[in-house]
Amino acid sequence: MNEMVDVLIIGSGASGAAAAWSLADTKMRILCLEQGDWMKQSDFPSNGRDWEARRYTDFDLSPNRRKGPWDYPVNDDNSPMKVANFNAVGGGTIMYTAHFPRMHPSDFRVRSLDGVADDWPIDYTTLEPFFAENDRMMGVSGLAGDPAYPPRQPPMPPLPLGKTGTRYAKAMNKLGWHWWPSESTIATTEYDGRAPCINLGHCTPGCAQGAKASTDITYWPHAIRAGVELRPRCRVREITTNEHGMASGAIYYDADGIEHFQPAEVVIMACNGIGTPRLLLNSASSRFPNGLANSSGLVGKNLMLHPWPQVFGYVDERVDGDRAPMLSLWSKEFYETDPARDFVRGYTLQFTRGTGPVNEAITSAAAGRLPRGQDHHRIYRELLYKRLQIGIACEDLPEEHNRVTLDPVLKDSNGIPAAKIDYQISENCRRMMEHGIARAEEILTAAGATNLYASRTVLNSPGHLLGTARMGNDPERSVVNARGRCHDVKNLFIVDGSIWVTSGGVNPTSTIQALALYIADSMKQRLATLFD
Amino acid sequence: MLLPAEIRDLRCVAGMMVPASAEYGVPGADDPAIFADILASLDRDFDAVRAALAALAGGSFADLDDVRREAAMQALEEQGGTAPVTLMRVVVQCYYRDERVVRSLGLEPGPPFPKGRTLEQGDWSLLDPVRVRPKMWRDAPP
């Protein structure tokens, strides 16, 4: 029998790590259970000659293909977008591009401003100090002065423009459209023990240099030094409740498959937008027959995945390709709602640098650009390192039919029922996607690119899992309140992307972590009355 | 492990996908060293490759003459699905890491770490017209 802890955090990724670090100064006994293991920088693909191919094996974005010892399967057959995640200490921050935009002020007020979905019960101003704290903890590179955002000051200078960024910048100036260097958690200087970026490229599947921030090398060392215990290779099966309807702890399996019970005074879920509803639904009991914290019926519903078309083109000289971080610039020209368009809300244009030799061949062959046979060599040489690539980060609005449920058949290696997702891209989003594709084509043409190609649903991308245990003031229309506490279970908190009300048109990690810090801070401010 | 007949078929497919080229001074994907790498790297694609080979002329692809091989490949490609994509991926992911091939592209073989690369800073004055734009974000009601 494990000893009682004050706070049990489930999941060590973006949000769990931030919450653990923030709560550490309370001197409470805090334990984090993580189903994955610690990663080593020497594990990451850019150490070896098969570095590109490993994106299709043990560092594939999809858990269904990766099939690592700590991965759990997800039935995503009924979705045009596939699930991307990573299971390790650091969670999804091991496997992300390190793109770090914040949500915009308008993203928290979509009902008031645009008459769609719902407003969040909190706003940008409330989160602003936590955004800044998180920027400092993760180590953000960027440039102050972006007219698309309220003022902020990234602690490190931006990634260089390079040849690719220069092409984009000139094209955007020609069109008169907004652009700015992307904010990222790739260190451009030495920072909190991290070495600066040396342009290995392929940042997504882990950085061998350690320049990319993942919570195993940012928050966790600080949290562990402050007394938090992190127990890896422990997969939680269910959250238990007592006779008062309060969470009493969690049942988990260790690496040998041995079942344990971990009692806790408070439970915090940080398992992402699929893992959290899966665990809540798997925690059904006689008192909570439809799943824990699910009196609203909304656990698992309103899944948002961020449709993310990609548009490619090729210029007449070699540019940066994969010889630098993928991230370059962003544009917010089309982010805010414009009544003249046939959709509401908007998108970020994310300018990236291209790809490496193997991926150029794989993706171009799959797209029908690169033939087999004798012409293969000539055409390949016309493509290699000449690619410009723009991603369109479309705001995905919540719809209840997009959802996570439990698969009746599929189970993980511990026999725990797996998640199933049902998801469709909305008409509003499809119109937004087409608008973005047309603008991206204009930009690429202005940058001198030809041979344009648009991919509307990129498999396993981007892997943003949001909205399935939404935040709100009305217990009948939300799962957690404005401070992340479940309406139904007063000592159960959720800090991951599942509590998002709407998705914005940005990569979510920055806002997920700011929310986790905000929730942890509100817990600290209310310790004496936390369960009232 | 693939059966000997399957290995012959896959090697034939590899050579058709990326043939040797005297013009570019590169081996084909059926080169012994590259093909050995392909065989050793099938990994999660093993079953899919085996199924794709079975779909190619019923599993006797290497025994066909050039015209029939080409027809069988075209038929597989026209069917679409994952089979042709998988075959191409298992071939090119090894072909484009072969040192001879990588050098022919003007690149230095080897993994990115620890040497890294240099990225030019660029001209940040390009940002001047954006810096002077008025604020673009919408104020939100509290």
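Guide: Happy to! A salt bridge here is a side-chain nitrogen of Lys or Arg within 4 Å of a carboxyl oxygen of Asp or Glu. In one of them, Arg372(A) meets Glu70(B), with 2.9 Å from N to O.

A word on the basis: this is a predicted model, in which local features need pLDDT of at least 70 and side-chain atom pairs count only at pLDDT 80 or more, while totals for chains, interfaces and linings use all residues. Residues are numbered from 1 along each chain as its sequence is written, chains are lettered from A in the order in which they are written, and side-chain values use heavy atoms, leaving out hydrogens and water.

Now the wider interface. In contact (heavy atoms within 4.5 Å) are 75 residues of chain A and 57 residues of chain B. Together the chains bury about 5,600 Å², and carbon and sulfur atoms give 62% of that; buried area is the accessible area, for a 1.4 Å probe, that two parts lose on being put together, summed over both.

Which elements of chain A give two or more residues to the side that touches chain B? Among them are helix H5 (162–175), helix H8 (357–366) and helix H9 (375–383) of chain A; helices are DSSP runs of H or I, at least four residues long. By class, that side of chain A has 34 nonpolar, 19 polar and 22 charged residues, where Ala, Val, Leu, Ile, Met, Phe, Trp, Tyr, Cys and Pro count as nonpolar, Asp, Glu, Lys and Arg as charged, and the others, Gly among them, as polar.
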